[in-house]
Amino acid sequence: MKSDSHVDKEIAQTFVASKVTRTRSLSEWRLLFSLAICATIFYLQFLTDGGPESLSKFSNATKNLAKILYDNGASAYIAEPGANAQYFGNISEATWHLSERPLLLIISPILEEASIVAKVTVITPAFEETRARLLPVPGIDVSFVSWAEDEDPYIVALSTLELEPGKPIYVDGMMRYFIVDGLQKAAPGVRVMSAPLEVTQLRARKSQAELDLLRCANEVTVLCIRAVQAQMYIGIRESQVRVMIDEALAAAGLAERWALVLFGENAALPHGSGSDRALGKADFVLIDAGGTLLEYHSDVTRTFMLHDSSIPPEHTRIWYDVHAAQTLAHAAAREGANTSAVDKVARDWLDGRGYKGYFTHRLGHGIGLEDHEGPYLRGGTDDIIQKGNAFSNEPGIYIEGKVGIRLEDCFYIDKGGNSVFLTKGIGGQAFSPLHP
């Protein structure tokens, strides 16, 4: 790897300083953790009260969708329970389990007194209609149309629309193929196609309420990692730390929790090796964890050491180089920038530091109602970053058999077009190998 005496000297000085700087006590971390839990509860109460704020969110989403459908000459947009049905109709996979019997959300544009309004229809199996009507689908005139077991659900669904040749039907791009195929066979003269960019961008650009949920979820996740670090010791096993992280995330109120815990060279495989290694003094700890708050995701990675660790200097140098790559990419991520250009900034820095070929994945992904959603920060794309977009920023270096280091914080593009870490309220990026 290339040497840069000036940079290496700065890294060494910073590392030595971090070794002697007093860290927060366990009681202080517990206080911060308690504050995070209080913040979570506040957001849960504020954003789930069913008041005008929450209803307005769905009203605006369906209104914007209806206008796009009308302007594009499309008959309707159809989704099944999942992230998109959650965004437009408050129907998630958690509220309605997917099966071979389709339940469909249909939104179609209606022209009423020179205004475009959204007609919302739910297609449900007949024997499940009562349960379907209990779904918290927002709107005043939501229609529920049932199909019997001896009927074709797709013919029933399309009978609710005014189909015309040349007017396509948009479907959720993640919809299961057999449903798309069924819709197409039921309307042979109409094109059934994945929703275009104008539709997918509606969910990609987050509202302030959505950003508040993402911020809360991600800040809590960082505090959980810090609280767990304070309780770790040399000799602890990966499986023990996974349990600790899960308990912390659960205490903070997050659902759909997950955690990847990797010690030493195990972290050289970005998603792990399936072992249960004990932590050695020369090992870095990599924790990649997250969960959901009202269906909105957190995704945070920290690579860190303990007070009793003795990390090889070359591994510490890699940590700071990865940190620098994350910082440079964050500065490059602005409204109007190309997503591939942001990935290139981080990759070029790491290549220049001698790690060409060791940064093996894309820089980041969109985040929101899905942990991984578009747009993506990767090479080969021409997506343009817009206000309200939220991404992960997670450069990493993976040298198999030796070490793996990844640092991940999610960020969003604010009204001024600048990137802001969702973890800014608790310090943003990791400060040093000892201070995640």
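Contact here means heavy atoms within 4.5 Å. The model is predicted, so local features need pLDDT of at least 70 and side-chain atom pairs count only at pLDDT 80 or more, while totals for chains, interfaces and linings use all residues. Residues are numbered from 1 along each chain as its sequence is written, and side-chain values use heavy atoms, with hydrogens and water left out.

Figure 1. I287 touches I225, V241, I245, L260, V261, V300, T301, R302 and F304, leaving aside residues up to four places away in sequence. In soluble globular proteins, nonpolar side chains tend to be buried together.

**Figure 2. Packing of helices α9 and α10.** Helices (H or I, at least four residues) and strands (E, at least two) are DSSP runs, numbered from the N terminus. The axes of α9 (residues 208–229) and α10 (residues 238–251) come within 9 Å and cross at roughly 135°. This makes α9 oblique to α10. Axes are lines fitted to C-alpha atoms, for helices over the stretch in contact, and angles run from 0 to 180 degrees between N-to-C directions. Angles under 35 degrees count as roughly parallel, over 145 as roughly antiparallel, 65 to 115 as roughly perpendicular and the rest as oblique. The crossing of α9 past α10 is right-handed, that is, the near helix is turned clockwise from the far one by less than a right angle. On the α9 side the contact is made by T221, C224, I225 and V228, and on the α10 side by V241, M244, I245, A248 and L249. By class, the contact residues are eight nonpolar, one polar and no charged. Here Ala, Val, Leu, Ile, Met, Phe, Trp, Tyr, Cys and Pro count as nonpolar, Asp, Glu, Lys and Arg as charged, and the others, Gly among them, as polar.

Figure 3. G272 is in the loop between β7 (255–263) and β8 (285–293). Its relative accessibility is 23%, so G272 counts as partly exposed; buried means under 20% relative accessible area, exposed over 50%, and partly exposed in between (1.4 Å probe, protein chains only). G272 touches L260, L262 and N266, not counting residues up to four places away in sequence. G272 and G404 are 132 residues apart in sequence, and their C-alpha atoms are 10.0 Å apart in space.

Figure 4. N90 is not a glycine, yet has a positive phi of about 60°. N90 is in the loop between α4 (83–89) and β2 (104–112), and is buried, with a relative accessible area of 18%. E256, also a residue other than glycine, has a positive phi near 45°. E256 is in strand β7 and, at 46% relative accessibility, counts as partly exposed. A cis peptide bond, with omega about -5°, joins G374 and P375. P375 is in strand β12 (residues 373–377).
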